[in-house]
Amino acid sequence: MRPLTETETQTLFSKLANYMGPSIKNLIAPPDANPSTDQTRMSFRLGNQNRVYYCSEYLANLSTCVARENLLSVGTCLGKFTKTGKFRLHVTSLNVIAPHARYKLWVKQNGVMPFLYGGNIVKAHVGRWSEDCPEHQGVVVLGMDDMPLGFGVTAKSTAQARRVEPTGIVCFRQADVGEYLREEDTLFTTT
């Protein structure tokens, strides 16, 4: 595990800022944390297969005692860098992104299962939506009971979505919690 380089950090933060906005600064130093201890200060580490992990500084320092080939993961896997240098978020980052999300989209009960099976969100399934959400903006998808289900990218802005027919797509799925079952064989593999 090694710290991210400057370009890797910029790529990661630009992807996370698409979903979180200015509250991204709360990831590194949570507002209720004591700055004098390493246990509350968070960091990003690059591990096996270009995967980025989010963990406390204390845990990252302890992980240096384990040989690289024996260390599978440390903290929460946020995603991985592709061969072209882009960053792709994994569904495992949902619990990190959801509390700090800038824009949210709530799905009605009849739209939960189509989303969890890998489908995009149509207007008929939208219960409510954050106001003034622009087009091509990252959103966290929640059930009507405020349970995070996944995240995606808006196909239309909030104003444009009001004029779309009920079968029109308003949000493209990026990841959903159904991936834990659909891709259980490959989600956490190391080879």
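**View 1. An open, six-stranded sheet with mixed pairing.** Reading across this predicted model, the strands come in the order β7-β11-β10-β9-β6-β8. The edges are β7 (121-122) and β8 (126-129), each of which pairs on one side only. Strands here are DSSP runs of E with at least two residues, helices are runs of H or I with at least four, and both are numbered from the N terminus. Two strands count as a pair if DSSP finds at least two bridges between them. Residues are numbered from 1 along each chain as its sequence is written. Because the model is predicted, local features need pLDDT of at least 70 and side-chain atom pairs pLDDT 80 or more, while totals for chains, interfaces and linings use all residues; side-chain values use heavy atoms, with hydrogens and water left out.

**View 2. Strands β6 and β9 side by side, with helix α5 packed on the sheet.** β6 (residues 104-107) and β9 (residues 138-143) run parallel and are joined by four bridges. Look for Leu105, which stands opposite Val141 in β9. Helix α5 (residues 109-116) touches β6, β7, β9, β10 (148-154) and β11 (169-176); a contact means heavy atoms within 4.5 Å. The direction of α5 makes about 80° with that of β10 (axes are lines fitted to C-alpha atoms, for helices over the stretch in contact, and angles run from 0 to 180 degrees between N-to-C directions).

**View 3. The largest pocket, holding about 390 Å³ of space.** Of its 18 lining residues, Arg88, Leu89, His90, Gln174 and Ala175 lie nearest the centre. Elements giving two or more residues are α1 (6-20), β5 (87-89) and β11, with β5 supplying the largest share, three residues. On a 1 Å grid over the protein atoms alone, a pocket is an open set of points with protein on both sides within 12 Å along at least five of seven lines, a cavity is a set where a 1.4 Å probe fits but cannot get out, and lining residues have an atom within 4 Å of a point. Points are joined across faces, edges and corners, and volume is the space filled by probe spheres set on them.

**View 4. The one cavity of 30 Å³ or more in the whole structure.** About 30 Å³ of space lies inside, lined by Met1, Gly47, Asn48, Arg68 and Leu71.
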